[in-house]
Amino acid sequence: MSIHFAAAKPSNLTSVCSLGAKRLLSRARAQVANDNADFTERSQQNEQVLRAALRHFATHGLGAAQVARAQAEKAFFDGDRPTYDWWVDITRTLDRRLAASVSGQNSQAL
């Protein structure tokens, strides 16, 4: 998941920018979208995984990705596919390369 930041809107554009810069700014502002406004099911699931990954990181610190990987492997060998997918998603949020080694994917594709 990529994160993009938009610059704060200056309160006094007339003294800060030329006419060309004002036009560019107005076009850019017209295309700005709030990433948090996506309420699709996939977006909500990503939000849940992100929150769970942050809580997991708060609990386990820098070793959180390895703990999540161990949980994913345990669920895999127990035959619990939904739990396996959940833990792989958390591992992917914390460390994509480690998650690729768990799920057998190429880390370049992630």
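Helix α4 covers residues 64-78, 15 residues in all. Its first and last C-alpha atoms lie 21 Å apart, close to the 21 Å expected at 1.5 Å a residue. The expected span is 1.5 Å times one less than the number of residues. Helices here are DSSP runs of H or I with at least four residues, strands are E runs of at least two, and numbering starts at the N terminus.

This is a predicted model, in which local features need pLDDT of at least 70, side-chain atom pairs count only at pLDDT 80 or more, and totals for chains, interfaces and linings use all residues. Residues are numbered from 1 along each chain as its sequence is written, and side-chain values use heavy atoms, with hydrogens and water left out.

**The faces of α4**

The buried residues of α4 are Ala64, Ala65, Ala68, Ala72 and Ala75. Seen down the helix axis, they fall within an arc of 95 degrees, so they line one face of α4. The arc is taken from the directions between the helix axis and the C-beta atoms. Turned away from that buried side are the exposed residues Lys74, Phe77 and Asp78. Buried means under 20% relative accessible area, exposed means over 50%, and partly exposed lies in between (1.4 Å probe, protein chains only). Just after α4, Gly79 has a positive phi of about 80 degrees.

**The core**

Ala68, Ala72 and Ala75 also belong to the largest nonpolar core, which has 11 residues. The most come from α5, with four residues. A nonpolar core is a set of buried Ala, Val, Leu, Ile, Met, Phe, Trp, Tyr and Cys residues joined through side-chain atoms within 4.5 Å. Ile90 touches Val49, Ala52, Ala53, His56 and Ala68, leaving aside residues up to four places away in sequence. Contact means heavy atoms within 4.5 Å.

**Aromatic pairs**

Rings of Phe, Tyr and Trp (its six-membered ring) pair if their centres lie within 6.5 Å; planes under 30 degrees apart count as stacked, over 60 as edge-to-face and the rest as tilted. The count comes to two aromatic pairs.

| Pair | Centre to centre | Angle between planes | Class |
|---|---|---|---|
| Phe76 and Phe77 | 5.3 Å | 80 degrees | edge-to-face |
| Phe76 and Tyr84 | 5.5 Å | 55 degrees | tilted |

Ring pairs link Phe76, Phe77 and Tyr84 into a cluster. Phe76 is partly exposed at 47% relative accessible area. Phe77 is exposed at 68%, whereas Tyr84 is buried at 8%.

**Chain and confidence**

The chain has six helices and zero strands. Buried residues make up 18% of its 110 residues. Of the contacts between residues at least 6 apart in sequence, 43% join residues at least 24 apart.

Mean pLDDT, the predictor's confidence in each residue from 0 to 100, is 78 for the chain. Of its residues, 65% reach 70 or more. Over residues 106-110, pLDDT stays under 50. Where pLDDT is low, the predicted coordinates should not be read in detail.
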